[in-house]
Amino acid sequence: MAEPVRRTPALRRLAARLGGAVFVLWAVATLTFFAVRLIPGDPAEAILGGPGSQASAEALASVRAEYGLDQPILVQYLAQLGRLAGGDLGRSYALKLDVGPLVLSQLGGTLVLAGLALALAWLIALALATWSTRGGRIAARVGSGLEIVAASLPHFWLATALIVLFSIWLGVLPPISTPGPAGLVLPVLTLALPLAGFLGQIIREPLLTALESPFVLSALARGESARGVRWNHAIRHAAIPAISLSGWAFGSLISGAVVVETVFARPGLGRTLLNAVTVRDVPVVIGVVMVVAVAYILMTLLTDAATRIADPRTRAR
Amino acid sequence: MSAHPVTPAAGPAGPPALRVRNLSVGFGRSGADPVVSGISFEVAAGECLAIVGESGSGKSVTARTLLGLAGADARVQADEMSIAGASVLALSEASWRRRRGRDVGLVLQDALSSLDPLRPVGREIADSLRLHTTLAPAERSSRVLELLDSVGLPDGELRSRQRSGELSGGQRQRALIASAIALDPPLLIADEPTTALDVTVQAQILELLERIKRRGTALILISHDLAVVSRIADRVAVMSNGRIVETGPTHEVLGRPRHAETRAMVAAVPAGKPRGTLLAAPRAAGPAAPATAAAAAAAAAASAATSAATATPRPARAAAPDIGPAIVLEATGLTKGFRMPGGTRLLAVDDVSFRLERGTTLGIVGESGSGKTTTARLVLALSAPDHGEVRVLGRPWSSVSEQDRRPLRTSVGAIYQDALGSFDPRLSVRDILRHAVALDGPRRPDTGRPALFGAHNGEAQARVAELLDRVRLSPALLDRRPLELSGGQRQRVGIARALASRPQILVCDEPVSALDVGVQAQVLDLLDELQRELALSLLFISHDLGVVQHVSDRVAVMNEGRIVEQADAPSFFASPTHPYTRRLLSAVPRLP
């Protein structure tokens, strides 16, 4: 465990990470570029206001020339990559705005939504797992049953059910996402509940294993209380797999945001993406996807670092 | 029969550190048989009582009950259970918690899993102080350093920041002991504290426990191995089926065992028993048979001739059939290195040469990290040597391609320490053996596919039955899965599987290291018998010099990748030349 042994691989690991991130961004850009071409319709028409705009043949031709849409697809692809490499996300077809500032203005709302949902999901999962592994056999059944039900709830159904319950029947929360904390409650709950069920299932098994292990017996024999054993020893073992999956969970939260932001009429990346796909606004679609990819990569780096803190054994490797 | 009160030989004034009268522990429904029934014993300050028994005899449940940790569903009954004169029967969880660590400490086996692998050992040790004292964190840290020093771990600053996985087996066992004695409890319970340790490390840990005992701590030492406890125990209590069947001063119990269970345990200790002696005597054995002159002479070479009195010597082996070359396995200059993190190279096996003669056993002994398992992998051609060569039955083995090795593969069988891990847990014993019979058996000349395949192939079924009979397993076990077998039964299935291809060479890598001494004795007897019947040649790899001494015709000692000494067994044990060998030999647990 000498220090110099650790340091060289750290640099190499960082370089490998950066290379991997660049590769992921390139792959995302490429896949998105070709995928949006599968949306039916003519991009030139989309630029001129959609299929209903009755644009003239000359207008279409000039737009194609202006945007380079008359070039071979490979040339368009390389031009697109070149712009992206320079940090230029292009200009929206429909909104006639620069994509970069547009996407960034929507990013904050979605990050707040996803971040709060992730935090709440962790809280619920930890509470449920610790309660149900302490309370005997019936609590264990109830706990794992709740987790399975929660994990299998679809976002759109849950959102509707929460609106019916809290806005229509009880009348305590707004059905659409108004600015301010009250407007955040239902969207965050919608995203957090299924994820909590999923995380709870991942936490329960290692928690039970840890509670049965010899080091817990050693701790009890030292005079540690049941609660102390749980929080000083077992929970850390149980959290490690869930921490490493949180990066992936964050990605799934952003895709969940597409549904939730639409149902609750909340501004954000998800709704921007949905609108852009509907009107075939290719630069916005690519812009949103690239920003989400960057966020996802950063989140993965973060969870990896968290895993290394929680589990020192991974540092030596 | 149920209660043999055990009283200290010389009772000091005041109450004993621990007194237990008529203790019973049961689980589940009240009608179920108790796991511990009506045991009584006492331990005085500065005294060591060993509780010895096979797994399932109730000794670990007894240990946990003494800490109030038998479990929520346990029914504990006793006429008396008191620590230092104060009754601990029917204590509330809160008052138990105040006593654990302060009045009674616990040391478990294998500190890799008995210390939290995610926390520095210093914090684990400081936990006892945090829970029971008002010391400030800085004072706790300096006390941790003192404790580490007192258990023989210098460099406390560094050690206390390391985690159990970063320490060697002996170091972490010392750290575990430090955490148990942090508050200097008057009673210390050690449950198999040296199992899974190398013999030299085991000797050091026993020495440390003895030092703690001499400081005035009452010590309860729990083990399946009589030879281990005999080093430091003042008195021994033998447990069987939840009862104490025999107790007394150590030298009396070991010297004149009265109960059949005790006699079997004494006989099972392999160290110092001549080659070919039955270790697992039938349980209902009558008066011990006198040792023959030859056996006694062989035993005299080793230091523990007395224990041979209870063992039954057997006739010399039949001469090996005259087929093929006399040297069945030959390793010449084997070298194998691995790249370590950081770029340095570790020579795991360094210029190792040996020959295995037909029908004999070559024992390779070494401590963990000595390169013996890497040697086994090279011999089995599971990895290729960097230099050197292995020849099997006089033919090239390590130097040819796997395809060319195939025809010879059936001549080499292997059994491993972790039999359970070497089976597919979903397969029944029948399927495990049937696959082995089919895949290692004869092939159809036209298609090259196994000739003995299919569930209804009569010949395959007959072979499976024959294999089971060879390893003395009942056919009733055929439909069990590995998890439903005992450790000894699993290892027998492992041996049966290795025999499926009718090998001439059997490579045994720590085949009995995970077994209780009693079961180990049975498996060693079985291997000896099979070698006799099938003229097998055994490469027997073990960390346990006592076992190697019992099974080997020739012995090689490995240390840091090299063979430091190699000789025929009698002269080897009579006059070891290398200092490392002598150190290893003196650490072997033997009966006094």
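This is a predicted model: local features need pLDDT of at least 70, side-chain atom pairs count only at pLDDT 80 or more; totals for chains, interfaces and linings use all residues.
Helices are DSSP runs of H or I with at least four residues, strands are runs of E with at least two, and both are numbered from the N terminus.

**Figure 1. Chain A, overall view.**
Chain A contains 13 helices and zero strands. Read from the N terminus, its elements run α-α-α-α-α-α-α-α-α-α-α-α-α. Along the principal axes, the C-alpha atoms of chain A fill a box of roughly 85 × 65 × 30 Å. Chain A has 317 residues, and 34% of them count as buried. Among contacts in chain A with a separation of 6 or more, 68% join residues 24 or more positions apart.

**Figure 2. The two domains of chain A.**
Domain 1 of chain A brings 15 residues to the contact, and domain 2 of chain A brings twelve. On the domain 1 side, helix 1 (3-36) and helix 2 (43-47) of chain A are the elements that give two or more residues. Helix 1 of chain A has the largest share of that side, with nine residues. By class, the domain 1 side divides into eleven nonpolar, three polar and one charged.

**Figure 3. Helix 9 against helix 10 in chain A.**
Two packed helices are described by the angle between their axes and the distance between the axes. Here the axes of helix 9 and helix 10 of chain A come within 11 Å and cross at roughly 145°. The crossing of helix 9 of chain A past helix 10 of chain A is right-handed. Helix 9 of chain A makes the contact through A:F215, A:V216, A:A219 and A:L220, and helix 10 of chain A through A:V229, A:H233 and A:A234. By class, this helix contact has six nonpolar, one polar and no charged residues.

**Figure 4. The interface of chain A with chain B.**
In this interface, 20 residues of chain A are in contact with 26 residues of chain B. Helix 9 (214-221) and helix 10 (226-263) of chain A each supply at least two residues of the chain A side. Helix 9 of chain A gives the most, with seven residues. The chain A side has nine nonpolar, six polar and five charged residues.

**Figure 5. Helix 12 of chain A, end to end.**
Helix 12 of chain A covers residues 282-310, 29 residues in total. At 1.5 Å a residue it should span 42 Å, and its end C-alpha atoms are 42 Å apart, so the two values agree. The count of steps is one less than the number of residues. Which residues of helix 12 of chain A are buried? They are A:V282, A:P283, A:V284, A:V285, A:I286, A:G287, A:V288, A:V289, A:V291, A:V292, A:M299 and A:T300.

**Figure 6. The four domains of chain B.**
Chain B is divided into domain 1 (1-103 + 192-256), domain 2 (110-184), domain 3 (277-411 + 503-592) and domain 4 (425-501). The centres of domain 2 and domain 4 of chain B, taken over C-alpha atoms, are separated by 48 Å.

**Figure 7. Around B:A438.**
B:A438 sits in helix 15 (residues 429-440) of chain B. Is B:A438 buried or exposed? B:A438 counts as buried because it has 20 C-beta neighbours inside 10 Å, and a residue is buried at 20 or more. B:P450 is twelve residues from B:A438 along the chain, and their C-alpha atoms are separated by 5.5 Å.

**Figure 8. Two positive phi values in chain B.**
Most residues other than glycine have a negative phi. B:A90 has a positive phi, near 55°, and is not a glycine. B:A90 is placed in the loop between strand 6 (86-87) and helix 2 (93-99) of chain B. B:A90 has 11 C-beta neighbours inside 10 Å, so it counts as exposed. B:D184 also is not a glycine, and its phi is positive at about 55°. Its loop runs between helix 7 (169-180) and strand 8 (187-191) of chain B. B:D184 has 13 C-beta neighbours inside 10 Å and therefore counts as partly exposed. The cut-off for exposed is 12 or fewer.

Notes
Residues are numbered from 1 along each chain as its sequence is written. Chains are lettered from A and ligands numbered from 1 in the order in which they are written. Two residues are in contact if their C-beta atoms, placed from the backbone, lie within 7 Å. Ala, Val, Leu, Ile, Met, Phe, Trp, Tyr, Cys and Pro count as nonpolar, Asp, Glu, Lys and Arg as charged, and the others, Gly among them, as polar. Domain bounds come from an automatic or database domain assignment. Axes are lines fitted to C-alpha atoms, for helices over the stretch in contact, and angles run from 0 to 180 degrees between N-to-C directions. A crossing is left-handed if the near helix is turned anticlockwise from the far one by less than a right angle, and right-handed if clockwise.
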